[in-house]
Amino acid sequence: MAIPARTTTPGVYRQYGQQQPVQRVGPNITDDYERWYTEATPSNRMVLSIRSGINSEIAWALDRLYRLCANDQFILKTIPGLTDALFEWPEWYATEGYLVAEKHRLFALPDAEDRKRRHALESIFILANSATNEPNAYELANHPRTLPLLFNALSNLAPDTDMNAEFVLNAIELLQAISLSIILPDPASNKKNPLPTLLQIAGHSSNRSLIISALTLLAQLFSNIQNTRRLDSNSPALAASIRYLPLFIDRALVDASLNYLYAHLSHPPMVKAFLHHPLMPSTLRVLVSFLLSEQVEETVNLDISAATRAIPATTVTIPVHDLTKEELETLVPMSEPQRCYEWMKIMFVATPDGELTQVDFWTLYKDAFTPFADRHPVLVASDVIKNVNVVFPQAQAMVLPGPPQRFVVRGVDRRKDTEAAPRFKCLWERLQCSAPPFEAPGELYDHLLQHLESSENPEPPCLWATCPLPSTSKQRLRPHLLTHLSSSQPPAKHPSQDDTITVAADGDSYPFTDPTKRQPPPPRQTSISYTRPVADPPSAALTALLIIRILFRSSFVATSDTAPRADGEHFGFPGVVEDDEGDDVMEDIGGELEGERRGRRAFVGVRRMMEDVRMKDETLMSWIVEMVYAAYDGLFRS
């Protein structure tokens, strides 16, 4: 009997060949998706996974803690048993595991040992990272397993090997978080002491991260007064801080060096010993250089110019109007007082601010009409002054009090010609020459010589306008005529000379009556430029300033402030008397006086640099000023 072939698959079996591909779901990254990992119960999954001994579970739990430890809401004590679980792997490595690593320094560790070492590194990293949160730092500082772990790690592990460098770095960072409550053990005791390892790292390591961490931790440890007894004037950390201090470009390393120097020199015996250090003067110079490099300044321009006004260097003078020949011929035949009225209308104009003396009025009238008085009588001076109010009702004749008294007519002024006087116009015959203007000074000079030759007087006076030259020979008068001729070309001007003249805003008007008595005007633009600090110095610069201040106070102590008293050598004046003999001589105990002298000489050497330091804060700037002044005084005392 033949068995029929199966054509279908029973329903109880899954058809793998026809299975649809399963779509993977991405990780849930919403808020609180890992909340159930941090439940505050003894059966917390992460704690159970760390203690399970299963490598995959341990790796999973440590990976989750990697993410959580940097969160401010991650608190170790809220998860019972988590802190003790994290101590297990680092404690193994600090006491036993490092020995296995030393045996396989040239080859890879066995897989089991390598996993344990990795778990130890991850665990101590989580502890160090979580200690940045204050509640966790307090929890670890009071945990009985923290200090033994860290002291064992720093005492047993060789920090220079690549196998241990990361573990030691995390141990130092964890110790930094709890360093305020740590008191270093006495060297005579058998307790583990991290200080030798920290000093070795700071002074001799080539690992920058380890150096920075070690110097920072040492500064924190020595900030505790109970640990200052462990300070040493020949400390490798001190030498390292001085060595790395000039590396301004490496801010983290310089900050660590400054913090250690401040902690080291804050102890009075250490700063007194440092004054004898051969590198003390150069260290002080580097500290001042650091202050200068950190200050941020801005340039301020302050305008202190006085009020001025600028006028053109070359001006065209518009002369006052004088009677022309035609106007004079028209006025002479008129009868008075009409002739005086018409004469005033031609010669003067109404000006509210104008002012002329009464003598000027009378002189101009007399000079114009007295030559014709034999045929046409002239008015007396009082009548001429009275006629001013007839022609110019707004004008007033008044007497200004003195001394001396001035008789003036206010409200009128001389009429100005509408056109500027020609440059080469003949002004002979007291402005009465009718010759037209000439094109060049040579032509005008030839014309003046014709006037001179036509005169029958052998010693004629100079008749140029108002020239006061008395009668003289024609031979001497010829060169004198040249003084009345203007140049055909303007005078040469230097390229730097401006086209305007600066005068004081409230000074005399230009052109000046007597330029030689003119007050020199202020510069047009006078400004001063100076720099000032923009902001207060950063924290590193303040630390450097505090170190400088410590050295200053130790160098300029009040040992020389002896009370003055009178003595014969000072001629009765009080002065400091230094006795070279007797019991009053100050003994240099421990070389303190020599150290102070070295410190003063060092400050004298940097006084020029300190003069360039600027601080926005007035108190800090007063420190700089005090040290600069003391350095100049120390120039004579040192």
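Arg339 counts as buried because its relative accessibility is 0%; buried means under 20% relative accessible area, exposed over 50%, and partly exposed in between, with a 1.4 Å probe and protein chains only. The model is predicted, so local features need pLDDT of at least 70 and side-chain atom pairs count only at pLDDT 80 or more, while totals for chains, interfaces and linings use all residues. Residues are numbered from 1 along each chain as its sequence is written, and side-chain values use heavy atoms, with hydrogens and water left out.

**Salt bridges**

- Arg339 forms a salt bridge with Glu336, and the closest N and O atoms are 2.6 Å apart; the term denotes a side-chain nitrogen of Lys or Arg within 4 Å of a carboxyl oxygen of Asp or Glu.
- Glu336 is partly exposed, as its relative accessible area is 22%.
- Across the whole structure, a search finds 20 salt bridges.
- One of the pairs is Arg145 with Glu91, whose closest N and O atoms are 2.5 Å apart.
- Arg145 lies in the loop between helix 5 (134-141) and helix 6 (146-156) and Glu91 in helix 3 (residues 82-103), so this pair ties together parts that are 54 residues apart in sequence. Helices are DSSP runs of H or I with at least four residues, strands are runs of E with at least two, and both are numbered from the N terminus.
- Arg145 is partly exposed at a relative accessible area of 24%, and Glu91 is partly exposed at 22%.
- A further salt bridge joins Arg414 to Asp322, with 3.4 Å between the closest N and O atoms.
- Arg414 lies in strand 5 (residues 406-414) and Asp322 in the loop between strand 2 (308-312) and helix 14 (325-331), so the pair ties together parts that are 92 residues apart in sequence.
- Arg414 counts as buried at 14% relative accessibility, whereas Asp322 counts as partly exposed at 33%.
- Asp63, Arg64 and Arg67 are linked in a network of salt bridges.

**Nonpolar surface patch**

- Leu302, Ile304, Ile528 and Tyr530 form a nonpolar patch on the surface, and together they have about 340 Å² of accessible area.
- Patches are made of residues with over 30% relative accessible area and no salt bridge; like charges are joined within 9 Å, and nonpolar side chains (Val, Leu, Ile, Met, Phe, Trp, Tyr) within 5 Å.
- Accessible areas come from the Shrake-Rupley method with a 1.4 Å probe, and for residues only the protein chains shown count as cover.
- Ile528 lies in strand 7 (residues 527-533) and counts as partly exposed, with 39% relative accessibility.

- Thr83 is found in helix 3 and counts as buried at 5% relative accessibility.
- Apart from neighbours within four places in sequence, Thr83 is in contact (heavy atoms within 4.5 Å) with Leu76, Glu139, Leu140 and His143.

**Surroundings of Glu294**

- Glu294 belongs to helix 13 (residues 280-294) and is buried, with a relative accessible area of 18%.
- Leaving out neighbours within four places in sequence, the contacts of Glu294 are Arg251, Pro538 and Ala541.
- The side chains of Glu294 and Arg251 make a polar contact at 3.3 Å. Such a contact is a pair of N or O atoms within 3.5 Å; within protein, one must be able to donate a hydrogen and the other to accept it, and residues adjacent in sequence count only if both atoms are side-chain atoms.
- Glu294 and Val613 are 319 residues apart along the chain, and their C-alpha atoms are separated by 9.9 Å.
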